[in-house]
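Okay, everyone, thanks for coming. Let me put the model up, and then I'll walk you through some of its rings.

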Amino acid sequence: MPARAPSLHIETGTGSARIRDRIARTLLVLAASGAVAAVAGAVGAVADAGPATQMVETWRMLGFVVFAGVFLLLAYRPRLYAGIWELAILNKLGLTLAALSLGSGTDGAGAALIADGAITFILLAAYVLSRGWTAWSTARAAA
């Protein structure tokens, strides 16, 4: 008899776990919506950028697209993507700390501090609520 592949989608059995998952998913969809809004806002910056900054503005805009996708993937299956949670949290935390250390004298640091700080908090809350770290055991079971 062939070995049965482990399930990649872990259903939670208790009502409180389902509520935590719904809250986590709502937070992640909120984060994805913010990233999509940032893409829309960045389109003008790309169009208005001169040759010295057009590439970095394009890179920034496409980064928002990637993060919108990452947040939606995590919302869809929060216990499937081992390492993605941690990478996203570290990225947003790093940007928050960079904005904090650069201070108000740097263009965009204040806005980044607020936006990336909020996303860091949202990601950490969703990670804890959905028990995102269990993706690692799912990945080991699938290997």
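So, look at Lys92 first: its charged end sits over the ring of Phe67, 4.2 Å from the ring centre. For that call, NZ of Lys or CZ of Arg has to be within 6 Å of the ring centre and within 35 degrees of the ring normal. Quick caveat: this is a predicted model, where local features need pLDDT of at least 70 and side-chain atom pairs count only at pLDDT 80 or more, while totals for chains, interfaces and linings use all residues. Residues are numbered from 1 along each chain as its sequence is written, and side-chain values use heavy atoms, with hydrogens and water left out.

Now, ring against ring. Rings of Phe, Tyr and Trp (its six-membered ring) pair if their centres lie within 6.5 Å; planes under 30 degrees apart are stacked, over 60 edge-to-face, the rest tilted. That rule gives three aromatic pairs. One of them is Phe67 with Phe71, tilted, at 5.6 Å centre to centre and 50° between the planes. They're four residues apart in helix 2 (residues 54–76), so about one helical turn separates them. (Helices are DSSP runs of H or I, at least four residues, numbered from the N terminus.) Phe67 and Phe71 are both buried, meaning under 20% relative accessible area; exposed is over 50%, partly exposed in between, with a 1.4 Å probe and protein chains only.

Next, Trp85 and Tyr127: centres 5.5 Å apart, planes at 65°, so edge-to-face. Trp85 is in helix 3 (residues 84–102) and Tyr127 in helix 4 (residues 109–130), so this pair ties together parts 42 residues apart in sequence.

Definitions and conventions: Helices (H or I, at least four residues) and strands (E, at least two) are DSSP runs, numbered from the N terminus.
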